[in-house]
Amino acid sequence: MSNKVKFGSKIGLIAATVGSAVGLGNVWRFPAETQANGGAVFLIIYIACVFLLGIPVMTAEFSLGRGGNSDATGAFRNVTPDRKGWWAVGALAILASYLILSFYMVVSGWTLEYLFQSLTGNLYASDTAISTAAGDEALFSSKMASYITGTYRPLVMTFIMIAANLFVLLRGVQKGIEKMSNIMMPVLFLLLLIFCGVSLTLPKAYEGVEFFLKPDFSAVTPSTVVNALGQAFFSLSLAMGILVTYASYYPADTKLTRTAVTVSLLDLGTAILMGLIIFPAVMTFGLSEHNLAGSALVFITLPEIFAQMGGTMFWSSLFFLLLSVAAFTSTISLAEVSVAFMECRFGMSRKRAVVTVVLPLFVLSSICSLSVGPWSDFTIFGKTIFDFLDMVATNIMLPIGGILLCIYMGWVAPRSFFKNELTNNGTLTSHVFGLVAFIVKWVAPLLIALILVWQFI
């Protein structure tokens with residue numbers, strides 16, 4: 001079955017694709033990675049990786065998706081019908097994206113919980129079990145444990161996010177995904193700009209900006225380079241099947257190179273804005289830098305900052321609204337990969353495909369949620385189910401899929417196919433095609449392999 005539906009406008013196309021890339025990787029992971037890898041020097045290397053790795057690989061995925069005009073497996077079949085086994089690369093991407101979706105939905109539920117607790121003021125209410133003032137690290141550590149590791153509350157919020165995904169996906173590509181993206185992405189960027197403006201007026205904003213933008217090249221290590229590569233790879237949603245799937249909804253006249261540059265720049269801009277928000281605030285309020293790592297950044301450090309600002313509930317609610325929007329657009333795009341697969345491979349109606357994909361999440365995401373709390377003693381290779389799925393999907397399956405995708409587009413797919421897609425069958429200039437093809441064929445597979453190997457050294 002060929003996927004005939006298309007995005008209705010260029011703005012909607014960009015908004016949906018940016019929404020698929022911009023998520024917790026930019027809002028959450030990027031500041032933590034920057035702090036842990038030397039600040040500004042990490043940012044410089046990260047920007048280089050976006051242009052060197054991200055944009056060329058993104059154009060390759062766009063070309064495969066629009067030219068293949070199907071789901072993440074069918075695109076390979078349509079482009080090279082004589083090469084039977086390559087559809088498995090798409091299958092790997094679909095499986096990885098679905099595993100990520102199962103625990104990402106839980107994290108989305110956490111952001112919704114914090115939004116609710118911020119709106120009600122409960123997040124900043126004193127806790128009788130802890131004799132400390134609001135704003136103290138111990139208080140918010142206790143709150144985090146209560147909101148995230150409980151039995152019922154995290155499940156309720158996760159189910160609400162799953163139901164919201166179900167609603168949008170059932171409305172289809174144009175009325176659901178595109179319309180949602182047209183509303184939510186401007187809201188997200190507006191919130192980022194508001195927070196950035198506030199953060200840059202804080203007393204020690206200059207110190208934070210200096211850490212973020214003034215490089216110390218003596219801090220560069222091999223880990224800095226590999227982590228920057230990994231951040232660029234994951235923040236752009238490469239090799240998840242998302243970009244291939246969304247590109248199959250692109251009209252024939254879409255300029256793929258320009259779209260890839262636009263999406264990458266907006267994704268990069270989100271990360272930079274988050275840095276300009278986080279580091280001035282951390283420097284101003286003198287919070288411990290170790291709390292920039294992992295979930296502590298969002299659920300402990302930032303509430304500490306808001307507690308010391310005027311209008312605590314307002315700013316806290318606004319931020320967790322931003323975070324919920326970023327998480328929601330990402331879960332929608334992850335789910336759409338599997339929905340498109342069900343429609344194209346099994347001829348399902350949109351409604352049946354969505355229900356088939358989303359309903360199992362009520363069980364899978366429940367298991368992931370409970371593994372963080374009551375079932376945390378059950379481990380696989382020393383990791384909770386949540387952490388194990390995260391490791392397998394993001395640290396192993398995605399890099400392998402990325403390497404195979406680059407090999408396919410660089411060595412297997414006809415060179416004329418790649419060139420025709422990037423130039424819209426010769427109607428656009430092809431000055432950059434040779435460079436893009438060289439990077440996809442030689443550079444990107446080696447860099448992604450470096451990410452994969454480094455994780456296990």
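Predicted model: local features only at pLDDT ≥ 70, side-chain atom pairs only at ≥ 80, totals over all residues.
How do the residues of the lining of the largest cavity divide into nonpolar, polar and charged? The lining of this cavity holds ten nonpolar residues, one polar residue and no charged residue.

Two cavities of 30 Å³ or more turn up when the whole structure is searched. The largest cavity holds about 100 Å³ of space. Its lining is made of Phe195, Val198, Ser199, Leu202, Ile277, Ala281, Leu302, Ile305, Phe306, Met309 and Phe319. Helix 8 (172-199), helix 12 (256-285) and helix 13 (294-307) are the elements that give two or more residues to this lining.

The second largest cavity contains about 80 Å³ of space. Around it stand Glu61, Leu64, Ala72, Phe76, Val89, Gly90, Ala93, Ala239, Gly241, Val244, Gly401 and Leu405. At least two lining residues come from each of helix 3 (40-68), helix 5 (87-120) and helix 17 (385-412). Helix 5 gives the largest share, three residues. By class, the lining of the second largest cavity has eight nonpolar residues, three polar and one charged.

The largest pocket has a volume of about 1,000 Å³. It is lined by 41 residues, and those closest to its centre are Gly25, Arg29, Phe103, Asp390 and Thr394. Which helix gives the most to the lining of the largest pocket? Helix 2 (residues 24-36) does, with eight residues. The lining of the largest pocket divides into 20 nonpolar, 17 polar and four charged residues.

The second largest pocket has about 230 Å³ of space. Of its 13 lining residues, Lys10, Leu13, Thr254, Lys255 and Thr259 are the closest to the centre. Helix 1 (10-21) and helix 12 each supply at least two residues of this lining. Helix 12 is also one of the elements that give two or more residues to the lining of the largest cavity. In the second largest pocket, the lining residues divide into four nonpolar, five polar and four charged.

Notes
Residues numbered from 1 in each chain as written. Heavy atoms only, no water. 1 Å grid on protein atoms, 1.4 Å probe; cavity = no way out; pocket = protein on both sides within 12 Å on 5 of 7 lines; lining within 4 Å. Points joined across faces, edges and corners; volume = space filled by probe spheres on them. Helix = DSSP H or I, 4+ residues; strand = E, 2+ residues; numbered from the N terminus. Nonpolar A, V, L, I, M, F, W, Y, C, P; charged D, E, K, R; others polar.
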